[in-house]
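Subject: Structure handover

Hello,

Here is the structure for you to look over. My notes on it follow below.

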Amino acid sequence: MAGEKAPAEKKPAEKKPAKKKAGEKKPAEQKPSQKAAGDKKKRVKKYHASRNPTLARGIGRYSRSAMYARKALYKRKYTAPETKIEKKKKEMPRATITKPVGGDKNGGSRVVKIRKMPRYYPTEDVPRKLLSHGKKPFCEHKRRLRASITPGTVLILLTGRHRGKRVVFLKQLDTGLLLVTGPLTVNRVPLRRAHQKFVIATSTKVDLTGVKIPKHLTDSYFKKKRLRKPKHQEGEIFDTEKEKYELTEQRKADQKAVDSQILARIKKVPQLRGYLRSTFSLSNGVYPHKLVF
Amino acid sequence: VFKRFVEIGRVAFISFGPHAGKLVAIVDVIDQNRALVDGPCSGVRRQAMPFKCMQLTDFVLKFPHSARQKCVRLAWEKENINEKWSATRWAKKIEAREKKAKMTDFDRYKVMKAKKMRNRIIKHEMKKLQRMASKKGKKPGKPEKAVKGKKQEKATKAKKPEKAPAPKAQKAQK
């Protein structure tokens with residue numbers, strides 16, 4: 001639709017006089033109008049339902065030409081906005097580049113192609129992979145959280161250097177790991193990530209209403225840093241890898257900011273501080289499947 | 001040798017089966033293995049029940065054999081069996097066991113702390129008395145009573161009022 005930007009989105013009933021729709025529902029119209037009220041530039045098109053009723057799966061009632069007429073495609077001619085053409089005329093990507101060349105009597109520079117032809121064509125083409133569905137990359141996975149884990153729950157860490165320690169749960173991060181804190185002054189567990197599977201959720205909860213966790217505490221904040229710049233191959237690289245963890249000022253500040261809020265709430269519950277200081281362990285006759293956490 | 005007999009009106013505790021944990025009164029004896037049983041105040045319908053799943057209690061009600069439920073209920077309420085039952089040690093032990101099984105991790109911690117404190121106090125008093133006894137020769141009777149008094153004091157001062165005294169009361173009985 002050329003010139004589609006509807007100026008007045010606040011009109012409830014007739015929003016787009018250019019489009020003639022058959023059988024549009026009013027409430028459905030109002031929804032996009034409310035959404036569009038915020039952003040004018042975004043496309044606020046309402047798509048018509050299929051004009052080609054199905055007789056059976058894969059078989060429509062009307063032929064191609066009939067559908068052409070029904071969809072009024074003779075009317076719909078889209079041209080790209082002109083500014084882009086102008087831009088494209090200016091912005092052709094550079095195909096070659098001139099690079100200086102050393103040595104005398106060499107002419108000083110060469111014209112070099114930026115995108116070169118492939119230097120190798122395999123004799124056998126790789127066969128086209130079959131389509132697969134449902135195989136999502138990790139970033140698109142669905143993150144689940146056990147119902148027993150809510151903000152403020154006391155968790156028992158089972159693995160890692162803090163195993164057995166009881167710790168307060170803050171929130172779940174984007175990768176699904178749990179953001180957890182000791183607090184530090186209570187059991188020396190800093191703001192840290194923990195894996196949901198390697199944690200026991202107890203039924204003890206600290207009331208964390210109104211506690212603000214800084215927004216910059218994300219996975220990238222906690223991710224281990226690895227520097228990879230082996231200027232000298234083999235030899236003395238083993239030292240430069242950051243095996244020693246260095247405590248930054250920012251971590252200290254964040255820890256303080258979060259812990260001060262939580263400690264106040266922990267002090268309100270009697271004996272909770274001592275509970276968080278203690279560690280969990282099994283002894284004779286204690287069976288985890290029989291324990292109520 | 002035997003103190004509790006199967007008789008009409010004997011109140012029994014059901015130990016297993018669908019009605020486990022409830023009290024019933026024996027209304028009639030059917031044959032060697034089964035009795036007609038009714039628990040109007042404990043939610044058990046009048047039915048036949050094998051003796052094996054019943055454990056006899058000390059309570060006996062007075063009603064004629066095959067009395068109907070209304071009579072059983074009257075007798076039950078007259079004797080106030082429910083209250084008497086919850087006052088018995090048997091019932092208290094059962095309750096304590098249930099509470100212990102339901103303890104959460106935090107409760108277990110609190111009980112541990114309470115027990116530790118109690119034991120420390122007891123030990124302290126014992127040591128005091130031992131020192132006194134070793135210094136001044138034998139002192140009969142009195143020191144032991146003082147220790148028991150202290151035990152009860154600390155039991156009532158529990159942090160978790162229901163659960164802590166329950167295991168501690170058990171310990172005191174031992």
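How much area is buried between chain B and chain A, and what percentage of it do carbon and sulfur atoms give? The buried area comes to about 990 Å², with carbon and sulfur atoms giving 56% of it. On the chain B side, B:Asp105, B:Phe106 and B:Tyr109 lose the most area to chain A. Together they account for 58% of what that side buries. Please keep in mind that this is a predicted model.

**The interface**

The contact involves 11 residues of chain B and 16 residues of chain A. One salt bridge is found across this interface. B:Asp105 makes a salt bridge with A:Arg166, and the closest N and O atoms are 2.8 Å apart. Helix H4 of chain B, residues 105–136, gives the largest share of the side that touches chain A, with 6 residues. By class, that side of chain B has 4 nonpolar, 1 polar and 6 charged residues. Polar contacts between chain B and chain A number 5 residue pairs, both residues at pLDDT 80 or more.

**The largest pocket**

The volume of the largest pocket is about 1300 Å³. Its lining has 34 residues. Nearest the centre of the pocket lie A:Pro190, A:Leu191, A:Arg192, A:Tyr245 and A:Arg251. Which elements of chain A each supply at least two residues of the lining? They are helix H4 (184–187), strand S8 (192–194), helix H5 (219–222) and helix H7 (249–268). The largest share comes from H7(A), with 8 residues. By class, the lining divides into 17 charged, 10 nonpolar and 7 polar residues.

**Salt bridges**

Over all chains, the count comes to 11 salt bridges. One of these joins A:Arg193 and A:Asp219, with the closest N and O atoms 2.8 Å apart. This pair links distant parts of the chain. A:Arg193 is in strand S8 of chain A, A:Asp219 is in helix H5 of chain A, and they are 26 residues apart.

**Two backbone points**

Most residues other than glycine have a negative phi, and most peptide bonds are trans. Two places in chain A are worth a look against that background.

- The peptide bond from A:Gly182 to A:Pro183 is cis, and its omega is near -10 degrees. A:Pro183 sits in the loop between strand S7 (178–181) and H4 of chain A.
- A:Ala72 is not a glycine, yet its phi is positive, near 55 degrees. A:Ala72 lies in the loop between helix H2 (64–70) and helix H3 (82–90) of chain A.

Best wishes

Key
Residues are numbered from 1 along each chain as its sequence is written. Chains are lettered from A and ligands numbered from 1 in the order in which they are written. This is a predicted model: local features need pLDDT of at least 70, side-chain atom pairs count only at pLDDT 80 or more; totals for chains, interfaces and linings use all residues. Side-chain values use heavy atoms; hydrogens and water are left out. Contact means heavy atoms within 4.5 Å. Buried area is the accessible area (1.4 Å probe) that two parts lose on being put together, summed over both. A salt bridge is a side-chain nitrogen of Lys or Arg within 4 Å of a carboxyl oxygen of Asp or Glu. A polar contact is a pair of N or O atoms within 3.5 Å; within protein, one must be able to donate a hydrogen and the other to accept it, and residues adjacent in sequence count only if both atoms are side-chain atoms. Helices (H or I, at least four residues) and strands (E, at least two) are DSSP runs, numbered from the N terminus. Ala, Val, Leu, Ile, Met, Phe, Trp, Tyr, Cys and Pro count as nonpolar, Asp, Glu, Lys and Arg as charged, and the others, Gly among them, as polar. On a 1 Å grid over the protein atoms alone, a cavity is a set of points where a 1.4 Å probe fits but cannot get out, and a pocket is an open set with protein on both sides within 12 Å along at least five of seven lines; lining residues have an atom within 4 Å of a point. Grid points are joined across faces, edges and corners, and a volume is the space filled by probe spheres set on the points.
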